[in-house]
Protein chains: 4
Amino acid sequence: MAIRMGIMGVGRIGRLHADHLSSRVPGAEITAICDVNQEAAREVADKLRVPRVYGDTAALCRSSEVDAVVICTSTNTHADLIEEAASAGKHIFCEKPIALDLERIDRAVAAADEANVKLQIGFNRRFDPGFAHVQAQVAGGVVGAPHLVRITSRDPQPPPAEYVKVSGGIFMDMTIHDFDMARFLVGSEPDRILATGGVRIDPAIGAAGDVDTAVVVIAHQDGTLTTIDNSRKAVYGYDQRVEVFGAQGVVWAENKTPHNTGHGDAAGMHRPQPQHFFMDRYIESFVAEMTAFVTSIASGEPAAVTGHDGRVPVVMAMAARRSMDEQRWVSMAEIA
Amino acid sequence: MAIRMGIMGVGRIGRLHADHLSSRVPGAEITAICDVNQEAAREVADKLRVPRVYGDTAALCRSSEVDAVVICTSTNTHADLIEEAASAGKHIFCEKPIALDLERIDRAVAAADEANVKLQIGFNRRFDPGFAHVQAQVAGGVVGAPHLVRITSRDPQPPPAEYVKVSGGIFMDMTIHDFDMARFLVGSEPDRILATGGVRIDPAIGAAGDVDTAVVVIAHQDGTLTTIDNSRKAVYGYDQRVEVFGAQGVVWAENKTPHNTGHGDAAGMHRPQPQHFFMDRYIESFVAEMTAFVTSIASGEPAAVTGHDGRVPVVMAMAARRSMDEQRWVSMAEIA
Amino acid sequence: MAIRMGIMGVGRIGRLHADHLSSRVPGAEITAICDVNQEAAREVADKLRVPRVYGDTAALCRSSEVDAVVICTSTNTHADLIEEAASAGKHIFCEKPIALDLERIDRAVAAADEANVKLQIGFNRRFDPGFAHVQAQVAGGVVGAPHLVRITSRDPQPPPAEYVKVSGGIFMDMTIHDFDMARFLVGSEPDRILATGGVRIDPAIGAAGDVDTAVVVIAHQDGTLTTIDNSRKAVYGYDQRVEVFGAQGVVWAENKTPHNTGHGDAAGMHRPQPQHFFMDRYIESFVAEMTAFVTSIASGEPAAVTGHDGRVPVVMAMAARRSMDEQRWVSMAEIA
Amino acid sequence: MAIRMGIMGVGRIGRLHADHLSSRVPGAEITAICDVNQEAAREVADKLRVPRVYGDTAALCRSSEVDAVVICTSTNTHADLIEEAASAGKHIFCEKPIALDLERIDRAVAAADEANVKLQIGFNRRFDPGFAHVQAQVAGGVVGAPHLVRITSRDPQPPPAEYVKVSGGIFMDMTIHDFDMARFLVGSEPDRILATGGVRIDPAIGAAGDVDTAVVVIAHQDGTLTTIDNSRKAVYGYDQRVEVFGAQGVVWAENKTPHNTGHGDAAGMHRPQPQHFFMDRYIESFVAEMTAFVTSIASGEPAAVTGHDGRVPVVMAMAARRSMDEQRWVSMAEIA
């Protein structure tokens with residue numbers, strides 16, 4: 001018996017999840033699609049042969065043909081929709097972040113807890129085959145106790161300054177994935193954070209009060225030190241690598257390229273660039289996170305990425321911003 | 001308006017194509033499924049919401065709701081089904097080989113030509129992202145005139161001797177893909193062939209009259225020399241690589257691994273093995289070949305892999321066998 | 001006319017330089033060898049057919065058959081010997097560090113300046129073919145303005161705690177090479193430094209007041225951010241890598257292995273470990289730094305690694321230690 | 001007590017060996033240098049502080065201060081000098097080939113045997129760290145019984161046609177190293193050989209009666225199949241790789257690059273070319289072969305590359321030429 005899914009929001013990421021749920025995620029079927037733009041909702045529904053289309057989420061939540069919702073609307077609606085879905089007894093997959101406000105996050109997470117529904121947050125990179133393999137190796141003891149972790153996370157193109165203004169800043173918008181990755185790889189909570197950065201790429205980003213180049217150091221509770229380096233613009237592609245060094249060895253994941261080819265000529269030996277577009281780079285992870293969500297509902301096991309997992313990176317982003325502003329270490333306890 | 005596909009045969013490869021056509025190939029929909037095992041056909045049809053199920057191909061061919069057929073039945077039926085579909089005016093995708101008999105191939109290809117329908121043969125490896133990139137580089141002049149081509153093609157596990165007996169032999173069963181690859185990469189027809197081999201892995205393969213380890217040299221009409229090496233058993237995985245060396249450089253494709261990770265410990269530095277299973281290794285190629293088929297029908301352009309492309313590798317396999325048996329170069333003209 | 005070299009100290013590094021000068025450095029000949037252990041000096045002199053053997057450096061400095069000295073004695077003698085050689089008008093190659101005390105460094109450097117002799121400090125890693133290539137690429141504008149630099153520097157084995165006690169600490173003893181590398185690669189002076197670390201490998205190192213695992217962030221004057229990660233024990237070998245990321249691209253140097261081989265079996269694909277011993281890893285750099293020294297004397301060009309280059313990393317090490325102790329950013333101006 | 005070496009011929013390779021023997025080969029000293037160009041001999045002797053200079057080899061052979069000779073003169077003198085040195089009781093290192101005539105080879109080898117002196121032939125590639133590692137892995141059983149061997153051997157630049165005319169042809173001049181490598185790696189003698197080739201690079205090479213592009217297949221006595229591909233011109237550098245595939249795995253050696261760096265920009269990811277010049281590419285092998293020679297004299301163990309090892313590749317080259325001319329397999333027994 002397939003889990004019946006309702007999609008909330010059919011922008012870029014909503015369509016992606018809908019495509020995957022309709023064809024690549026076993027055990028799921030989409031029974032309802034909702035978007036304030038009902039025409040967009042209908043277009044997706046037609047393409048995927050989905051029977052129900054809604055223009056408001058409350059109506060979708062009232063449907064008895066929906067077991068779980070996938071929240072892909074804008075960030076400022078996430079917490080409300082989690083609460084709405086929870087009160088209707090629907091399991092919830094919600095894109096990150098839950099909210100930019102800890103108190104709001106806490107209430108939403110509590111609502112899901114109280115309703116006893118699954119809540120999985122969309123930190124898809126945990127499901128990337130390479131990063132998942134690294135985490136499994138670390139968790140399996142292959143490198144011994146982790147000592148040093150390195151996360152390289154560089155975008156191919158900076159966002160428009162307009163977007164930057166409302167993004168919450170580089171730490172909340174971009175590094176948040178790396179904060180989640182650090183927790184995921186190390187398996188120990190952050191204790192304190194040091195961040196620094198600058199405007200090296202686009203002065204408009206600086207004018208918007210943000211930086212485009214940053215370094216973060218995380219001291220975990222177990223003593224592991226994670227370094228993250230971020231840039232909004234890597235001309236050679238989307239640079240996404242991790243390395244975990246420990247007492248018994250090292251394990252790493254390199255970039256993903258469209259194919260494993262090479263070319264040599266009089267000028268040198270050449271290899272493909274990393275994939276540029278995040279949907280190409282992380283396509284398997286999006287399929288796998290949705291599969292994990294559906295599986296956890298079917299099996300009754302806990303969500304793979306919990307509300308707590310959704311909250312901590314927000315705290316880390318706040319700590320990083322404060323650290324950069326005040327040029328000092330900021331402990332997690334200071335923030336929350 | 002989607003191209004309406006009928007699937008003939010829902011064994012392993014038929015199911016794979018059906019899955020892809022239902023979800024990953026734009027512009028296609030499956031309107032009919034046929035298998036002598038009607039229960040299997042119905043199961044697939046239910047899963048993919050396909051409206052028509054048939055137990056015989058003639059009935060499928062009579063349906064006005066089918067534009068094109070995908071022939072995934074056993075090899076000995078391919079030529080008959082091509083003729084049946086052609087006479088019904090359906091476009092045809094047929095798994096390789098068309099037949100093991102040149103005269104039979106010629107009649108089937110002629111039938112498709114006369115009916116003016118597309119006929120695409122299932123040499124999927126041409127659509128592998130890595131090999132397709134290499135071919136595009138060569139065709140684009142990046143390495144200049146090709147001089148030397150190298151194709152490594154080693155299976156992870158030998159087939160059972162029972163299968164070997166009916167397989168047509170290593171050259172017809174396994175090297176046939178490499179013969180196609182040589183023509184695809186070089187863009188010049190084979191002129192003569194030298195093959196040699198031995199039984200190094202499984203004496204039962206020798207008892208069945210075949211070899212399990214082989215080397216083939218192809219002299220192309222333009223002077224390019226291709227070497228192929230085959231083994232039925234590479235303990236480290238499915239080893240599938242190509243290299244084209246030419247006047248201006250070299251281009252190559254390495255193996256595909258499940259992820260791009262590494263691991264270092266006191267014993268050494270370790271990387272993942274190539275993927276073992278051909279469906280994992282070549283998954284993108286199966287999607288892409290079907291996309292190319294659907295696109296060629298929609299656009300009216302010629303099939304990407306023609307009946308002629310289906311015929312020549314069979315001749316090459318025959319030449320290789322004769323070369324090995326008689327320990328001499330065999331020209332293509334000798335065979336056909 | 002060869003430059004006539006006198007070697008001061010024939011411990012491990014002195015013997016290495018002597019070997020290179022006698023056979024692999026063009027334009028040089030060794031005319032004198034000095035060691036407080038005259039037997040050791042004589043043994044090396046015999047092997048390399050060097051005519052003069054001294055038991056004290058003053059005597060060597062008086063010889064008119066010596067143009068330049070190579071100071072390979074213990075660190076606490078470096079500054080005195082620089083002054084002694086400078087006053088005798090000899091050019092000077094001195095192993096790093098000049099001293100652990102800035103005032104002492106300044107006097108020694110001033111002495112060489114006043115005597116108008118070359119003074120080259122033994123930061124050999126600048127001459128490693130890989131790192132030198134990276135620096136040349138950066139200096140040549142290949143990556144545009146540097147934004148982020150990453151230096152991985154992990155030893156294969158921790159030193160004995162006895163050594164740690166007198167080593168000056170990890171930053172002065174080990175990271176000092178990385179501090180030099182950061183300046184060399186970026187081409188902009190450090191502005192402020194953040195360091196943190198812990199005892200993860202050997203409690204005896206902690207008992208000696210030091211750490212064995214550390215992360216350093218350097219904010220350069222031009223805005224570039226360098227991160228360094230250090231460990232005293234990488235079980236897979238001597239891990240020495242750099243990466244420079246900039247506005248127009250990225251350039252990096254990976255580890256050096258004894259050969260470029262691979263091995264695949266049923267357990268995986270395997271590659272060689274990095275070389276473990278620093279003399280194997282950096283052998284070319286030792287030859288090249290001595291060649292650069294001899295060349296600068298012959299050509300009259302400035303030394304490749306100056307007294308100033310010898311001083312700044314000492315300041316950086318002091319800043320790093322203070323940063324770790326006080327858990328804050330420390331500016332270079334605070335120290336000196 | 002050092003082995004006292006006499007160098008015969010101080011052309012490019014003679015100087016190289018002399019340099020290595022004077023500084024990088026433990027246990028050796030050069031006591032005499034001989035060249036018909038006495039000025040050249042004297043220049044090298046001065047540089048390396050060698051006491052004796054001769055203009056003819058007979059005089060050198062009469063010297064009681066010489067234990068072993070290194071024959072680096074032109075090929076047509078090798079056999080005579082082996083006999084001359086053998087009759088004087090000197091151990092012999094001789095550059096390959098001994099002669100282009102089997103009968104002449106046989107007499108020279110017999111002379112050394114009868115004189116009970118070491119005779120080591122200059123197949124230096126056996127001592128390349130990568131190839132030596134591959135051979136050791138194979139000999140140690142790491143890949144099980146070898147099944148398929150692949151040798152890629154492509155020069156960076158074709159020789160002048162003048163040289164080609166007197167070179168003995170591509171198989172005798174260039175492939176001869178690969179023939180030796182095949183025997184070395186497999187550890188089983190060749191049984192029959194198939195060669196083919198063409199003129200793809202320089203018509204002047206064709207006019208000189210030779211080919212510039214070739215493929216060779218060797219069937220070894222144990223059933224292993226080796227393929228060699230040769231080109232006189234690889235625009236990306238000196239391409240020297242081997243791969244041994246066997247029942248239990250695969251082991252390979254890739255090209256040697258000047259450093260292990262990379263560079264990514266908007267156009268792609270770039271790596272260094274293989275080294276172009278054979279002396280750079282094989283520098284370690286030249287040191288190691290001379291070290292092995294000196295060691296075998298000191299220890300009394302057999303030479304690492306015997307007269308027999310010098311003879312067989314000449315037979316293989318003859319078989320390859322005949323195979324190409326007559327377009328058929330040629331067995332080793334046919335030639336000798």
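**Exercise 1. Count the residue pairs in polar contact between chain B and chain A, then describe the chain B side of that interface.**

Step 1. Between chain B and chain A there are 12 residue pairs in polar contact, both residues at pLDDT 80 or more. A polar contact here is a pair of N or O atoms within 3.5 Å; within protein, one must be able to donate a hydrogen and the other to accept it, and residues adjacent in sequence count only if both atoms are side-chain atoms.

Step 2. Helix 6 (129-139), strand 12 (249-253), strand 13 and strand 14 (268-271) of chain B each give two or more residues to the side that touches chain A. Helices (H or I, at least four residues) and strands (E, at least two) are DSSP runs, numbered from the N terminus.

Step 3. Sorted by class, that side of chain B has nine nonpolar, 13 polar and six charged residues. The classes go like this: Ala, Val, Leu, Ile, Met, Phe, Trp, Tyr, Cys and Pro are nonpolar, Asp, Glu, Lys and Arg are charged, and the others, Gly among them, are polar.

Step 4. Now the extent: 28 residues from chain B and 29 residues from chain A take part in the contact (heavy atoms within 4.5 Å). About 2,200 Å² is buried between the two chains, and carbon and sulfur atoms give 49% of that. Buried area is the accessible area (1.4 Å probe) that two parts lose on being put together, summed over both. B:Arg49, B:Trp252 and B:Asn260 supply 24% of the area that chain B buries against chain A, more than any other three residues.

Step 5. Four salt bridges also link chain B and chain A. For a salt bridge, a side-chain nitrogen of Lys or Arg must be within 4 Å of a carboxyl oxygen of Asp or Glu. One pairs B:Glu254 with A:Arg271, at 3.5 Å from N to O.

A note on ground rules: this is a predicted model, in which local features need pLDDT of at least 70 and side-chain atom pairs count only at pLDDT 80 or more, while totals for chains, interfaces and linings use all residues. Residues are numbered from 1 along each chain as its sequence is written, chains are lettered from A and ligands numbered from 1 in the order in which they are written, and side-chain values use heavy atoms, with hydrogens and water left out.

**Exercise 2. Work out how many residues chain A and chain C bring to their contact, and which strand of chain A supplies the largest share.**

Step 1. Chain A puts 39 residues in contact with 39 residues of chain C. The buried area is about 3,100 Å², with 59% from carbon and sulfur atoms.

Step 2. The polar side of the story is 16 residue pairs in polar contact, both at pLDDT 80 or more. Strand 7 of chain A gives the largest share of the side that touches chain C, namely six residues. By class, this side of chain A has 16 nonpolar, 13 polar and 10 charged residues.

Step 3. Six salt bridges cross the interface. In one of them, A:Glu243 meets C:Arg241 at 2.9 Å, N to O.

**Exercise 3. Which residues of helix 2 of chain C are buried, and what covers them?**

Step 1. The buried set in helix 2 (residues 38-48) is C:Ala40, C:Ala41, C:Val44, C:Ala45 and C:Leu48. Buried means under 20% relative accessible area, exposed over 50%, partly exposed in between (1.4 Å probe, protein chains only).

Step 2. These residues cover an arc of only 135° around the axis, which puts them on the same side of the helix. The arc is that of the directions from the helix axis to the C-beta atoms.

Step 3. Check the ends. C:Asn37 caps the N-terminal end, with a side-chain oxygen 3.1 Å from the backbone nitrogen of C:Glu39. Just after the helix, C:Arg49 has a positive phi of about 55°.
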